[in-house]
Amino acid sequence: MSTVLEENATGLTTENTGRFDAAEKRLINCNSVDVNQLMPLKYKWAWEHYVNGCANHWMPTEVPMTKDIETWRSDKLSDAERRVVMRNLGFFATAESLVGNNLVLAIFKHVTNAECRQYLLRQAFEEAVHTHTFLYIVDSLGLDESEVFNMYREVPAIAKKDDLEMELTREVLDPDFITDTDESAQAFLKNLIGYYAIMEGIFFYSGFVMMLSFHRRNLMTGVAEQFQYILRDETIHLNFGLDLINGIKSENPHLWTEEFQAQIISRVREAVDLEIEYAQDCLPNGVLGLNADLFKDYVQHIADRRLERLGLPTQYNSGNPFPWMSETIDLAKEKNFFETRVTEYQTSGTLSWD
Ligand SMILES: [Fe+2]
Ligand SMILES: [Fe+2]
């Protein structure tokens, strides 16, 4: 059998000795398996997340906005309610692009596994759909697009959250960055945790609660329905991300040092403070039965859940003031929870592992 030395997509040299065993696959720093060959699978969870993501396909332009346009033009909404909508559009409009760019430019290259890359390609498309959603909402409601798409620079509570993320992207984007040392592999894990557990797992959740609260009051239901679809997609993004992080941890236990764990905990605590500040900025006087104090507990509660999933000690032990959110997320797993449109989108013909 001939041995071929070739450059793989990560810039590492791969020693390709012909057919391989799935057990040889590694999530990062894989030097023995060509990343272009999907089968045989090793990480079935990655393929399952891909199939589930595809089964949830939706497009924002298919959600009718007529009622929302009427409501937005009427006097049904208070200034405080309008502020909540605007702030969340402003945050998400750019956050989706930050996640998409980080995925394609920083994460993709260093994940050396075909089934995970298959999921990343699906996720990247979903992030494009999410960015599209905010453009569609801004256009439909006749909002000032430069106001919405500049909030990530102009509204301090949003800028601080995004700065924390953009710094993580810059580190990995360095053209010389590769994950072959403990220090650089930890930097890569820090990026994954910063995007999957913090951005998509904490920074998105106050916005989800606020916008889904409109739906509960039968206001801005088109926008809120689109947030429900995004929440459903993000639930899979978060679960894939945690599986990927935990997979890298178990293949490289030496990276998960006490010191590194302490760094992650302190970063999560910093993110919790920023998210509470964001909720206060959105809701200075409370609205829709929501106020900033409730968000303090909520953000701490979900941060503890993310820490648990990473195998780290919980920090806050706060109660969940919005139990209906967990129900919404749990119900999102049911095929018939979202309105008929989504059920119709469920596709058949998925692979079975049995
Ligand atoms: Fe997204
Ligand atoms: Fe996402």
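Biologist: Leaving aside neighbours within four places in sequence, which residues is E96 in contact with?

Modeller: This is a predicted model, and in it E96 has its place in helix α3, which covers residues 79-110. Once the neighbours within four places in sequence are set aside, the contacts of E96 are E127, H130, T131 and F134.

Biologist: And which residues does E127 contact, on the same terms?

Modeller: E127 belongs to helix α4, residues 114-141. Leaving aside neighbours within four places in sequence, E127 is in contact with E96, V99, G100 and L103.

Biologist: Are E96 and E127 buried or exposed?

Modeller: A residue is counted as buried when 20 or more other C-beta atoms lie within 10 Å of its own. E96 has 23 such neighbours inside 10 Å, and E127 has 24. E96 therefore counts as buried, and E127 likewise counts as buried.

Biologist: What is the largest C-alpha distance among the residues of the annotated binding site?

Modeller: The "binding site" annotation comes from an unreviewed UniProt entry and covers E96, E127 and H130. Although these residues are spread over 35 residues of sequence, they cluster in space, with a largest C-alpha distance of 6.3 Å.

Biologist: How are helices α1 and α9 oriented to each other?

Modeller: The axes of α1 (residues 44-55) and α9 (residues 221-251) come within 10 Å and cross at roughly 170°. The residues that meet are W45, A46, H49, N52 and G53 from α1, with D233, I236, N239, F240 and D243 from α9. An angle over 145 degrees counts as roughly antiparallel, and the two helices are therefore roughly antiparallel.

Biologist: Which members of the largest nonpolar core touch the most other members?

Modeller: In soluble globular proteins, nonpolar side chains tend to be buried together. I202, for its part, touches A271, V272, E275, V299, I302, A303 and R306, not counting residues up to four places away in sequence. Of the 83 residues in the largest nonpolar core, those that touch the most other members are L192, I193, I198, I202, I245 and V299.

Methods:
Residues are numbered from 1 along each chain as its sequence is written. Chains are lettered from A and ligands numbered from 1 in the order in which they are written. This is a predicted model: local features need pLDDT of at least 70, side-chain atom pairs count only at pLDDT 80 or more; totals for chains, interfaces and linings use all residues. UniProt positions are given in the numbering used here, feature names are shortened, and annotations may be inferred rather than shown by experiment. Helices (H or I, at least four residues) and strands (E, at least two) are DSSP runs, numbered from the N terminus. A residue is buried if 20 or more other C-beta atoms lie within 10 Å of its own, exposed if 12 or fewer, and partly exposed in between; C-beta atoms are placed from the backbone. Two residues are in contact if their C-beta atoms, placed from the backbone, lie within 7 Å. A nonpolar core is a set of buried Ala, Val, Leu, Ile, Met, Phe, Trp, Tyr and Cys residues joined through C-beta atoms within 7 Å. Axes are lines fitted to C-alpha atoms, for helices over the stretch in contact, and angles run from 0 to 180 degrees between N-to-C directions. Angles under 35 degrees count as roughly parallel, over 145 as roughly antiparallel, 65 to 115 as roughly perpendicular and the rest as oblique.
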